[in-house]
Amino acid sequence: MDIFSHILYGFQIALIPVNILACFAGVILGTLVGVLPGLGPVATMSMLLPITLKMPPVTAVIMLSGLYYGAQYGGSITSILVNVPGEATTVVTCLDGYKMAQKGRGGPALGISAIGSFIGGTLSLIGVMFLAAPIASFALKFGPPEYFAICFLALTIVTSLAAKSTLKGFVMAMLGMLVGTVGMDLGTGMSRFTFGIQTLADGIGLIPVIMGLFGVGEILLNVEKLVGMNVGDTKIGKIWPTVKDWIDSRWAILRGTVIGFVLGLIPGSGAIISPFVSYAVEKKISKHPEKFGTGVIEGVAGPETANNASSQASFIPLLSLGIPSNVVTAVLLGALMIYGVEPGPLLVANRPDMFWGVITSMYLGNVMLVVLNMPLIGLWVQILRIPYRLLMPLILLFCLIGVYSINGNVVEVWIMALFGLIGYLMNKCSYEPAPFVMGLVLSPIVEDSFRQSLVLSDGSFLIFFTRPLSGVLMLISVAVLAGYCVPLFKRKIEVIKENVAD
Amino acid sequence: MKAEYLSSIAIVVISFLACAGAGKLGVGRIGSPGPGFFPLVLGGTTGILSLIILFSRLWKGRKFTAAQSRVSAGVVIKVVCILAALVAYGFFVEKIGYVLITFIIFGFLLKVAGTKKWSFVVGGAAVVAVGSYILFSWLLGVSLPTSPFGI
């Protein structure tokens, strides 16, 4: 079958009524969790997993994917209206989006954000369709050293993006992988670190850990505030952007699409870097860079387009290689495994319904988001006004139902509570949970490929550098590490010199 | 700052225990790694990185005074209450059934979150307990434990 036959086949799957409904539910829920404070797409996907177990796997993944890119839309609403980013990917939108809202132009900011996201997401999907299958075919030639190198690169990028401390990000990634070794060793069948607890025989479940770190942990942090968002005085105005807005944003949207798509392909980068890069590029090439940060529409259009383009491009490493780009796609990876679907190079050949059905459903999702969200912005603003003291018990209840009903096991409820406490303490000590989860998810792939590589090379670590692809990937990882370490060492040396001089 | 020291020390201890446990599992040799090899590598690397963090904090601690982020007693009580509620939920959900435990825990959480009116707490908890049971169990087919009375 050629690519167009595949696309047609994908639409046949995506247009089945139950899949349209799942896509609709996913994007609406995604927008909702993007808007709501203290509830992100990671925790929501985990909560929904038990419900999706009753669905056909394709329908379930269509819904969860819709939730992911829907949250990118929702996150921008709080960034623009209340200067609080709903998602990490919409942080940069606050800079000009909120300023626009303060000037009474919140409507056009929301409008261009939705339209830019639609254009970026849709164009990015075309790239996904044409690139994912060839990458999957190419990946069939990968051996253990290549898989290890890709995972190493993904972990290096995720940890280097840790906002608080890269070194602490590494510690978290290592601890996550260490927790991932709990359970049966696939090579020998020996139990590791289970302490005789039967629930741990299959390893520590991903969902209780994620719900603990991102659901309960976030709630515990918000207990200190327990306040709702103040959207009282923010003016929204007309939603539809003016002709001048269009002219000012058109190139920013196209550049944001390219930046988002390219960066979304890199395992580990996810959609987090692309809005920042897009904003920096727009400011750099602008004729009036001094106006950035005062409410210019290019500062909203570029980053908002980039984050959606990136989030859809991140499905390429997930579906073609089985490597998640960020924590959200890590949860999707976990979900695929629970459904009995193995992501990776063979997915395109073995489960074309899953691959092409999910990809084409994203076109529908993007259309739904732009058609529904423009008139529904008023509703989302009302939802922002719900007091957190009412949301908090509801979120905790959904976490409890979600974790308990996956396996009907109360031990997993306690694991969630434990990781909630750990997540809270991690945040208090400036450790970030995202590298931990990436480490946990990648742990089996990293261990397996690491051990197999060493067996192949009879114990020589050079195998990771002497094979062309793994060598290039390892060198990129080393460059990323050096980019962090060299300035750090320079600063330390300067501090020591100053101390000696004193 | 104290929290930073304690967290680094805790991670060093965990790393040491992981290395010790990995040693017992059997490390093998580099060309033929055993089940303990990978945890040993991870434990060792984590321990070294945490020691670097610890010593760099000790170094900074002598030179700079960092503002400590204090948590009030009220917040600590709320955090403990929420965690206790989650643990209690696990203990009782299969013994007294979903609806009753959800009613109790949800009402408790509403109070912890600062809802003052008892009528709202009781009414809200009852609506959420019954409503969520209908939604998840009847409509979405999620398996939830029932009490001896059938719900």
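## Where the two chains meet

Start at the boundary between chain A and chain B: keep in mind that this is a predicted model, and that 3 residue pairs are in polar contact across this interface, both residues having pLDDT 80 or more.

Now select the side of chain A that touches chain B. The elements giving two or more residues to this side are α8 (166-180), β2 (191-192), α9 (206-222), α17 (388-407), α18 (410-428), α19 (433-456) and α21 (468-501) of chain A. Which of them gives the most? Go to α17(A): that's the one, with 12 residues.

Next, colour this side of chain A by residue type.

Zoom out and show both partners together. The contact takes in 61 residues of chain A and 64 residues of chain B. Between them, chain A and chain B bury an area of about 5,300 Å². Carbon and sulfur atoms give 80% of that area.

Time for a close-up. How many salt bridges are counted between chain A and chain B? The count is 1. To see it, select R29(B) and D458(A), which form a salt bridge. Check the gap in your viewer: their closest N and O atoms are 3.7 Å apart.

Note on methods
Residues numbered from 1 in each chain as written. Chains lettered and ligands numbered in written order. Predicted model: local features only at pLDDT ≥ 70, side-chain atom pairs only at ≥ 80, totals over all residues. Heavy atoms only, no water. Contact = heavy atoms within 4.5 Å. Buried area = accessible area lost by both parts, 1.4 Å probe. Salt bridge = Lys/Arg side-chain N within 4 Å of Asp/Glu carboxyl O. Polar contact = N/O pair within 3.5 Å; in protein donor to acceptor, adjacent residues only side chain to side chain. Helix = DSSP H or I, 4+ residues; strand = E, 2+ residues; numbered from the N terminus.
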